[in-house]
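Here's a quick briefing to read alongside the model. Have the sequence and the 3D view open as you go.

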Amino acid sequence: LTLIYGVMNVVNFAHGEFLMVGMYATYLAYATWGVDPLLSLPFIAALMFGFGLVVYYLLIRRVLKGTMHSQIFATFGLMVFLQALAQFFMGADYFAVRDSWLSGVVSLGSVVLPLPQLAALFGASVATALLYVLVFRTSLGRQLRAASQDRQAASTLGINASKMYALAWGVGSACVGVAASLLSNFYYVFPRVGAVF
């Protein structure tokens, strides 16, 4: 969410629903093919990257030059649409991943820690470190930061700002895909789960 806002100055009100889409994808991979959420994580992240690109090119790119109100209405409308779509196809039921590889607890003396939450902490830390490396230690990250600071100057230097914006949406969506796979190990999936977060 911060990456998208920082690069484009657009608040994605549908970001929680991106999480919901990722959680449903994780659950369906588990329920349909028996793929554990930990194993499906890179695929869900890639799927969500593609989903972010599609949303950018079909919707966000069209409202970027508009007023802030049009951007807010577009992402808010997307939020409502994704919730309704999930409820239409999946119903209002709550779904859960049972008996994943991360089921169980870790005991450290008198302290008992749930393994799924520990894995989520570790996974989020790794994802954050990788995002940091991408943004601050690569040429692509420098282009991304240049496009966020001054689109016109970046374009003058040969940086395709539109592609950088699409990349921001894709990477932001991939990050929420990682979160979705990790959360699916211990949190229920339902159409309004994005609103919780």
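Just past α2, Gly34 adopts a positive phi of about 70°. Helices here are DSSP runs of H or I with at least four residues, strands are E runs of at least two, and both are numbered from the N terminus. Keep in mind that this is a predicted model: local features need pLDDT of at least 70, side-chain atom pairs count only at pLDDT 80 or more, and totals for chains, interfaces and linings use all residues. Residues are numbered from 1 along each chain as its sequence is written, and side-chain values use heavy atoms, with hydrogens and water left out.

**Confidence**

- The protein chain averages a pLDDT (the predictor's confidence in each residue, from 0 to 100) of 94, and 100% of the residues score at least 70.
- Among the chain's elements, α2 has the highest mean pLDDT, 97, while strand β1 (residues 105–108) has the lowest, 87.

**Helix α2**

- Helix α2 covers residues 15–33, and its 19 residues should span 27 Å at 1.5 Å a residue; the expected span is 1.5 Å times one less than the number of residues.
- The end C-alpha atoms of α2 are 27 Å apart, which agrees.

**Aromatic pairs**

- Rings of Phe, Tyr and Trp (its six-membered ring) pair if their centres lie within 6.5 Å; planes under 30 degrees apart are stacked, over 60 edge-to-face, and the rest tilted.
- That rule gives eleven aromatic pairs.
- Take Tyr24 and Phe95: their ring centres are 6.4 Å apart with planes at 65°, so this pair is edge-to-face.
- Tyr24 sits in α2 and Phe95 in the loop between α4 (68–90) and β1, so the pair ties together parts 71 residues apart in sequence.
- Tyr94 and Phe190 make a stacked pair, 4.3 Å centre to centre with 15° between the planes.
- This pair links distant parts of the chain, 96 residues apart: Tyr94 is in the α4–β1 loop, Phe190 in the loop between α8 (161–183) and α9 (193–196).
- Tyr94 counts as exposed at 52% relative accessibility, whereas Phe190 is buried at 11%.
- Phe18, Phe51 and Trp169 are joined into a cluster by ring pairs.

**Ser100**

- Ser100 lies in the loop between α4 and β1 and is buried, with a relative accessible area of 8%.
- Setting aside neighbours within four places in sequence, Ser100 contacts Asp36, Pro37 and Asn185 (contact means heavy atoms within 4.5 Å).

Terms used: Buried means under 20% relative accessible area, exposed over 50%, partly exposed in between (1.4 Å probe, protein chains only).
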